[in-house]
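Visitor: I am new to this structure and would like a close look at one part of it. Could you walk me through the place where two of its chains meet?

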Amino acid sequence: MAEPFLIGDTMTGGYGKGPDILHECTIAVNPGEIAVIVGPNGAGKSTAMKAVFGMLDVRSGSVRLDGEDITGLSPQARVVKGMGFVPQTNNIFTSMTVEENLEMGAFIRRDDISGTMEQVYDLFPILKEKRYQAAGELSGGQRQQVAVGRALMTQPKVLMLDEPTAGVSPIVMDELFDRIIEVSRTGLPILMVEQNARQALEIADKGYVLVQGRNAYTGTGKELLADPEVRKSFLGG
Amino acid sequence: MSDPVKNTLLFGLVAALFVLTGVFQSANSALTILNMGLISAIMAIGVNLQWGFAGLFNVGVMGFVALGGLAAVLIATPPTEGAWIAGGYRILVALVLGAATVVAAVLVNSRLPKGRTRSLITFVVLVGGFFLYRAVFDPGVAAVEAINPAAAGHLGGLNLPILLAWPVGGLLAAGAAWLIGKTALGLRSDYLAIATLGIAEIIIAVLKNEDWLARGVKNVIGLPRPVPYEVDLQNSPEFVERSASFGLDPVTASTLTVKLSYSILFAVVLLTLLIMAQLALKSPWGRMMRAIRDNEVAAEAMGKDVTTRHLQIFVLGSAICGLAGAMMTTLDGQLTPGTYQPLRFTFLIWVMVIVGGSGNNFGAVLGGMLIWFFWVQVEPIGLWLMEVITSGMAEDSGLRKHLLDSAAHMRLLTMGLILLLVLRFSPRGLIPEK
Amino acid sequence: MDFLNALVALSNFVLIPAIAYGSQLALGALGVTLIYGILRFSNFAHGDTMAFGAMIAVLVTWGLQGMGVGLGPLPTALLALPVAILGCMALVLVTDRLVYKFYREQKAKPVILVIVSMGVMFIMNGVVRFIIGPNDQKFADGERFIISAREFKQLTGLREGLAIKTTQGITVVVAVIAVVLLFWFLNRTRTGKSMRAYSDNEDLALLSGINPERVVMYTWMIVAALATVAGVLYGLDKTFKPFVYFQLLLPIFASAIVGGLGNPLGAIAGGFVIAFSEVTITYAWKKVLTYLMPEGLEPSGLVQLLSTDYKFAVSFVILLIVLLFKPTGLFKGKAV
């Protein structure tokens, strides 16, 4: 099998000098795909994503982007390399307008950003309507759109979302998933951590079930949804 | 080197500094430095209680020290003849009225439902109360200040033993600290710093301007002493005889005796406070304080009432500063509001605590004695240094004159530098917290 | 006529001085609030930074006066201002590199930074006193008044005169220019926006590729400029004396907190709230009231609520009220 576009390969590590949280965990995503990390609380889902993004110490294993080893790079350097990351909380500049949020997203770019901004507005039309409003005044779902839009402004080669639907209502969640699928159709690989395992696996091309920092099950979203073991242990039957 | 050995050595070093001063300068100046050193150590214990135990940043030490000084005047001086009749009671009534206004405003605010009516009534109560207060207050002040303004012009005190002023000074400071703590604690740490900075400036402003209280910048001098007077000693044949047997002339012997008596008094207070502070540190209360300091969120989650605890220790620490302030004014024998400088009475104490070792009572005491010693000795050293530097210059050179004149400001620089260096390279101080 | 006279007296003794003082406080508070927003601590050395900047301006002004260079009716200090700003920038950047950077890398608690800033305050204070001495220094020159009380009386025939000092006019003009420039910078330029972003959400700013050290550097430079302008304007309007700048710390902090720490707009509003309260409460209203009250009812006393010796008490009391009832300030600040 060819090398995936982005892969966190057999990663073991933890925060600072603390104990290991991840154990030989592997996560990968390819262009046009949505890969979803699911698992019970405390399974290390977000931790695995942060490891891929360089926010914790990976003691063994490696992270490779487009064939290049980026294990030693800081998160900021990874942004420059083309990784877009949307944190779970505090993921927008609340006191700044929607448009300024997008501008700040493109801070590392020196070229003309108006084209990208138009693309983001096309994806999230509501943002165009509210472009001069402070982002902090928007609703939960709209804030998440700002957050994703901000990350898209760097024209990343891969987009990583940490629980994008945390704390939003089911209707908004469906809408957000629709948007994410739309983003994925542009060919951008998406790696996502999700609490709502069933819905997430339904849209996933690839699913990773983590338990206690280890890969428990891996497969396509459909396979995992069909797997009786997976259903029984945490999809609730 | 084990800790006890190192600490003994450090204290030995400080003791040696004082002995050397005694030998090379004079026993008299060694004792003078020692006495203020003891008082400084007490202030350092107070600040250490707040900062070292609880992590509270008090930038108003000067104010609490000055309140202690005020207590010395209010307790120990004789009342001014006729002042109370002339206007004293009136002032007292006015102050009660003023306090009642504030209480009424607070009551209105807490009892009435929120809205425009409430704001209006509160405003009317405050403004009306203020004018009533001024109407009663002003004539009283004028009457008191008219009494023999060259020598008195103030209410005077209660004519009680001055030792009583020490705890009263603590109480006054505690009261002011309670007011500040009640407002600023529980908010960001910076706010307490700013609030204490403000209260200190205001206390000094009151002392300087309210002549009826303690004569303002006209100063109160000749406070009674808790120890004998030199003249009395020199007039006592027994004392003269005894000093002769030590080979001392009566004048020197009497100064030394007086200073030594102060030293003993101060040392007793210092030791008592040190023992109490040590017991407090090791008690469950002290452990809890430090737990709160190290992780406020966790302590709060465990059901500790962080703000109340902070208020307790803040009031306690400030009271100690007030006590030390009363002791200092007793030692000086006068209250001179013009001499209270934040550098000397707030900042210096902070340097003492941080250099000594924040969180460690012995560290605070060591820092207090050591830094005070340097504070006194840096000026002559600085002047000497400047003279050396400028010795090559022409006698009438403007730069030379400027540098010599500026030597006095070296203290600011040196103390700031010491603080920054210790914070940077040895943040735990000479005797670190265990 | 009496009403007009009262109005003129009010303007002369309350409104104009308060507007000038408010502008000075607002500029000072802007510096404090920017440091708070970006570096997240209350900078106790701000008053002495102002003193340092003003001191350079004083020295340069003396130099220019010595060479016979001047601005005619305007004070020479305006010419010295750019030099002073540069000098002050150099000072704070060196201080940041030598002192604050270490604690930033350690991610030290804000209270540690406050203590450190106190150490810096005393060193700066010492340096200023060492160079220029602790005494009052005069450096204002040029025309003293835009309009003097006598001219105004002749012009209008009113009994009350209205005097506008040149320094008051300059204070307002310079403050307006400085504030417009600052807000233009913060809201319109990339660097300014990155500063706001960093102040709003540090982690996300890092994720967006904003370089924190650059943000910090720009912040210090802006703060140095604001502090110098504030210090020079205050010195021109009143007098230059090192200790006075330390005492200004309290009203400046009060302004920043009243407005909401970290909020530039709040700092300006706070400056004027404090200035107007201070001036109205310590002003003797007798003159104004005498014009307004019917004959026979004129006040006998001075009608001064508080003696000017207690002007700091005014900012302090306002500060306490805000802390008690609205710790985030009038405009929403960052701190609780």
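Guide: Here is a tour of the interface of chain A and chain C. This is a predicted model, in which local features need pLDDT of at least 70 and side-chain atom pairs count only at pLDDT 80 or more, while totals for chains, interfaces and linings use all residues. Residues are numbered from 1 along each chain as its sequence is written, chains are lettered from A in the order in which they are written, and side-chain values use heavy atoms, with hydrogens and water left out.

Let us start with the contact (heavy atoms within 4.5 Å): 21 residues of chain A touch 15 residues of chain C. Together the two chains bury about 1,700 Å², with 56% of that on carbon and sulfur atoms; buried area is the accessible area (1.4 Å probe) that two parts lose on being put together, summed over both. On the chain A side, A:Phe93, A:Met104 and A:Phe107 lose the most area to chain C, together 36% of what that side buries.

Charged groups meet here too. There are 2 salt bridges between the chains, each a side-chain nitrogen of Lys or Arg within 4 Å of a carboxyl oxygen of Asp or Glu. One of them joins C:Lys193 to A:Glu103, at 2.6 Å from N to O. Which elements of chain A supply at least two residues each to this side? They are α2 and α3 (98–105), helices being DSSP runs (H or I, at least four residues), numbered from the N terminus. The largest share, 4 residues, comes from α3(A).
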